[in-house]
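Please open the model in your viewer and keep the sequence panel beside it.

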Amino acid sequence: MASGWWCCAKPKQVASESVHGAQLALQRLTATTSRRCAACADDVEAGKPCKCGAQAGGQEDLTGGRAAAAVEEHHHGKPTSSFAHSVINMVGMLIGLGQLSTPYALENGGWASVFLLVGLGVMCAYTAHIIGKCLDDDPSSKTYQDIGEQAFGAKGRLVASAFIYLEIFFALVSYTISLSDNLPLVFAGVHLHLPWIHLTTTQLLTVIAVLVALPSLWLRDLSTISFLSFAGIVMSMLIFVTVVCVAVFGGVGVGKHIPVIQLERIPAVSGLYMFSYAGHIVFPNIYKAMKDPSAFTKVSVTSFAVIIALYTALAFVGASLFGPAVSSQITLSMPPHHAATKIALWATVLTPVTKYALEFAPFAIQLEHHLPAAMGRRARMLVRGGVGSSALLLILALALSVPYFQYVLSLTGSLVSVAISVIFPCAFYLKIRWGRVSRPAVALNAAMIAAGVVLAVVGTASSAKSLVQSIQRDHAA
């Protein structure tokens, strides 16, 4: 799988990874521009038109960190991503942080909640399909935001962009919390203390890890760290493999009791499940990179079938291994001295460090786009790096103040992911193709919008309440 992905990461194709760390065509856009437009670098920096035909800041709006496929075609001709490459891209992009919480979600929701896990996966596969239909309808649409504008004008683009930024922000907070939770196990026995700073060893380790990643936010050419995109996928797959290894060789023993269903916990569980399938903002890029876009629906169905199978297997294995003692992140429950556990912990710790620069790319691109054209290269770097560093330190402070992984992840899934992955695609589709959609299809999409709104409201309320209660309990203690 690794070799197949690496193949499709070549400059002629769109690379993808997990949504809550997806770095897509941005690196390639930067690399391509630097190779083909080296003579125009000064003009581009000054905001002047590139002599090769590209405009400063890129030909397309890169909001959300997704470079338009039109840039690909401008430099390389027709898209060449095959069916297999597209499936690998989509699977690699979907599998990520959410897999850590699926055993916890299944144990808390009961084994019957697996129908919710599968059902949400099917819904997201369908909305991926209708995103392709929206792109079929208007070939000029290249990104998720373009579809929003195609449906509802400038307001549609604005709302889509706002939710994309929210998703990136909350995902980075969740990654940092995960980093903080797993670091003490990686560095077990390490004790740090600074007399002038009132922070625990765990907090100090997290601060150090974030500071190590901080310089990457100052890099202008992200092609220099594009390998991190591939590394993120490898580490996500490692986590899954190590959990299976613990089940087979760890001596823990499967067969722990899993309740049938716990209805009062389903709203929060739905947010955790929903977060695991979030990835729709990059699907237009995968579509545009395909040499046969008519196969996009098959790619979506195949990819989601693989992801649903992986998540379901991981959820049952993890919940059966540890039962009620399963942690919100499966890595925290694994036997500490087992070799597979050490690999899983390192993979979990290194994943956030690989995400920061890649996830901050959309902010950096948009920030530079709005800076005065007369501003020099060094000044632009200082502004971009300073703003990115400040934002990362804010995320670090928030993660250390609210270290409740499962509630933040559930809140993100309910508040943001449901909208991006279910509600918006259905609304966009109905608006764009109104009058050409059959009555059953209208009813189906309307029902999915209604179900998405219900999940969003009850899930957000439940996870927000649990988050507030946890904060209050800690402060009272």
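What follows starts with the whole chain and then moves through helices, loops and a cavity.

**Before selecting anything**

This is a predicted model, in which local features need pLDDT of at least 70 and side-chain atom pairs count only at pLDDT 80 or more, while totals for chains, interfaces and linings use all residues. Residues are numbered from 1 along each chain as its sequence is written, and side-chain values use heavy atoms, with hydrogens and water left out.

**The whole protein**

Show the protein as a cartoon: there are 17 helices and zero strands, where helices (H or I, at least four residues) and strands (E, at least two) are DSSP runs numbered from the N terminus. Of the 477 residues, 56% are buried; buried means under 20% relative accessible area, exposed over 50%, and partly exposed in between, with a 1.4 Å probe and protein chains only. Among contacts with a separation of 6 or more, 82% join residues 24 or more positions apart, a contact being heavy atoms within 4.5 Å.

**Select 102-109, helix H6**

H6 is mostly covered, since eight of its eight residues are buried. They run from Thr102 and Pro103 through Tyr104, Ala105, Leu106, Glu107 and Asn108 to Gly109. Just after H6, glycine 110 takes a positive phi of about 95°.

**Select 266-277, helix H11**

H11 has twelve residues and reaches 17 Å from its first C-alpha to its last, close to the 16 Å expected at 1.5 Å a residue; the expected span is 1.5 Å times one less than the number of residues. Eleven of the twelve residues of H11 are buried, including Ile266, Val269, Tyr273 and Phe275. These buried residues of H11 pack against H5, H6, H7, H13, H16 and helix H17 (439-476).

Now pick isoleucine 266, which lies in H11. Isoleucine 266 touches Gly109, Ser113, Leu116 and Ile261, not counting residues up to four places away in sequence. The C-alpha atom of isoleucine 266 is separated by 8.2 Å from that of glycine 459, although the two are 193 residues apart along the chain.

**Select histidine 280**

Histidine 280 is in the loop between H11 and helix H12 (283-289), where it is buried with a relative accessible area of 0%. Leaving aside neighbours within four places in sequence, the contacts of histidine 280 include Cys124, Tyr144, Phe304 and Pro425.

Glutamine 99 is in the loop between helix H5 (83-94) and H6, and is buried with a relative accessible area of 1%. Apart from residues up to four places away in sequence, glutamine 99 touches Ser236, Ile239, Phe240, Ser276, Tyr311 and Leu314.

Glutamine 99 also belongs to the lining of the largest cavity, together with Gly96, Leu97, Leu100, Tyr175, Ser178, Ser236, Ile239, Thr348, Thr351 and Pro352. On a 1 Å grid over the protein atoms alone, a cavity is a set of points where a 1.4 Å probe fits but cannot get out, and lining residues have an atom within 4 Å of a point. The structure holds five cavities of 30 Å³ or more, and about 70 Å³ of space lies in the largest cavity; a volume is the space filled by probe spheres set on the points, which are joined across faces, edges and corners.

Which helix supplies the largest share of the lining? H14 does, with three residues, and helix H8 (144-186), helix H10 (227-249) and helix H14 (339-370) each supply at least two. The lining residues divide into five nonpolar, six polar and no charged, where Ala, Val, Leu, Ile, Met, Phe, Trp, Tyr, Cys and Pro count as nonpolar, Asp, Glu, Lys and Arg as charged, and the others, Gly among them, as polar.

**Select glutamine 329**

The last stop is glutamine 329, in the loop between H13 and H14, which is buried with a relative accessible area of 0%. Leaving aside neighbours within four places in sequence, glutamine 329 is in contact with Leu100, Ser178, Asp181, Asn182, Thr348 and Phe405.

Note on methods: On a 1 Å grid over the protein atoms alone, a cavity is a set of points where a 1.4 Å probe fits but cannot get out, and a pocket is an open set with protein on both sides within 12 Å along at least five of seven lines; lining residues have an atom within 4 Å of a point.
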